[in-house]
Amino acid sequence: MTCIAKSNHAMNTLGEIYAMFDTAMAAFPFACAKQCADCCTCNVTATGLEIAYIHDRLDGFARDDIRVRLDRAGQTRRYRPFQTTNGFALACMAGRDADEEENDPSWGICPLLDNGICTIYPVRPLGCRVMMSTTPCRQTGQADMPFLALTITTVFMQFVEHLDAGGVYGNFLDLLEHAGTDALDCNGVPGRDKIPGTVKNLKIPALMIPPGHVGKTRNLVQSLGALIRKNDRPLT
Ligand code: SF4
Ligand code: SF4
């Protein structure tokens, strides 16, 4: 399939959101370090726009490397979300319980990991960036996130989804495998062929911010709102 990547406001906005997220997270005492990569599994999620961003920002050599790594890894069992973050917010507003989902790190490591180093680190999706811990996960067997950091990551997940409203959300590797095909063009727009295990991105129905964090996240939310408005996609 021929697809010409257009100069895309949304991709630039996504890059700005990533930079804002990394800055916001720098305020927390995370223990994450180079080559600490137990969180790099095949279960990461992403939006279609994030896949387009990766392809747009990497050169042909790096894109070929991704293809080789995906082919080598083959199809493994992966986490496939039943709903998006904004879908979860909608379900909460309607008083519905979230569906039970399966997610197991033992299903495998991310094939883009090389000797404990991410081969696409500067352009990795938000689903990777949000995996942080104040104690090394290997010591405790789990990630420890301060409550405020959890709120902030959720807000960023909501905005990144909103930016790609109408697009797709799913397992990062599933989406990468379909990048630049009839199912997901090089601008991250889904085609007629649905990628199995993906769901539709939604606009933000309401931000999931606990009352105690409203004041602490106000500036961040205003900045994110301004970024989204710049992209001509008004918040609902
Ligand atoms: S989230 Fe855990 S495994 Fe991942 S880099 Fe941080 S401490 Fe290491
Ligand atoms: S893309 Fe990079 S950061 Fe994300 S899971 Fe894979 S190796 Fe880890």
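The shell around ligand 2 is made up of 9 nonpolar residues, no polar ones and 1 charged one. In this count, Ala, Val, Leu, Ile, Met, Phe, Trp, Tyr, Cys and Pro are nonpolar, Asp, Glu, Lys and Arg are charged, and the others, Gly among them, are polar. This is a predicted model, in which local features need pLDDT of at least 70 and side-chain atom pairs count only at pLDDT 80 or more, while totals for chains, interfaces and linings use all residues. Residues are numbered from 1 along each chain as its sequence is written, chains are lettered from A and ligands numbered from 1 in the order in which they are written, and side-chain values use heavy atoms, with hydrogens and water left out.

**The two ligands**

Around ligand 2 you can find Cys40, Val44, Cys110, Leu112, Leu113, Cys118, Ile120, Arg124, Cys128 and Phe172; a residue belongs here if one of its heavy atoms lies within 4 Å of the ligand. Ligand 1 has Cys32, Cys36, Asp38, Cys39, Met131, Met132, Ser133, Pro136 and Cys137 around it.

| Shell | Nonpolar | Polar | Charged |
|---|---|---|---|
| Ligand 1 | 7 residues | 1 residue | 1 residue |

Two packed helices are described by the angle between their axes and the distance between the axes. Axes are lines fitted to C-alpha atoms, for helices over the stretch in contact, and angles run from 0 to 180 degrees between N-to-C directions. Helices here are DSSP runs (H or I, at least four residues), and strands are runs of E with at least two, both numbered from the N terminus.

Helix H1 (residues 9-25) packs on H7 at about 180 degrees, with the axes 11 Å apart. That makes H1 roughly antiparallel to H7 (over 145 degrees). Their contact (heavy atoms within 4.5 Å) includes Leu14 and Phe21 of H1 and Ile152 and Phe156 of H7. By class, its residues are 12 nonpolar, 2 polar and no charged.

Helix H4 (residues 85-93) packs on H7 at about 110 degrees, with the axes 8 Å apart. H4 and H7 are therefore roughly perpendicular (65 to 115 degrees). Here Thr85, Asn86, Gly87 and Ala89 of H4 meet Thr154, Met157, Gln158, Glu161 and His162 of H7.

Conventions: Parallel < 35°, antiparallel > 145°, perpendicular 65-115°, else oblique.
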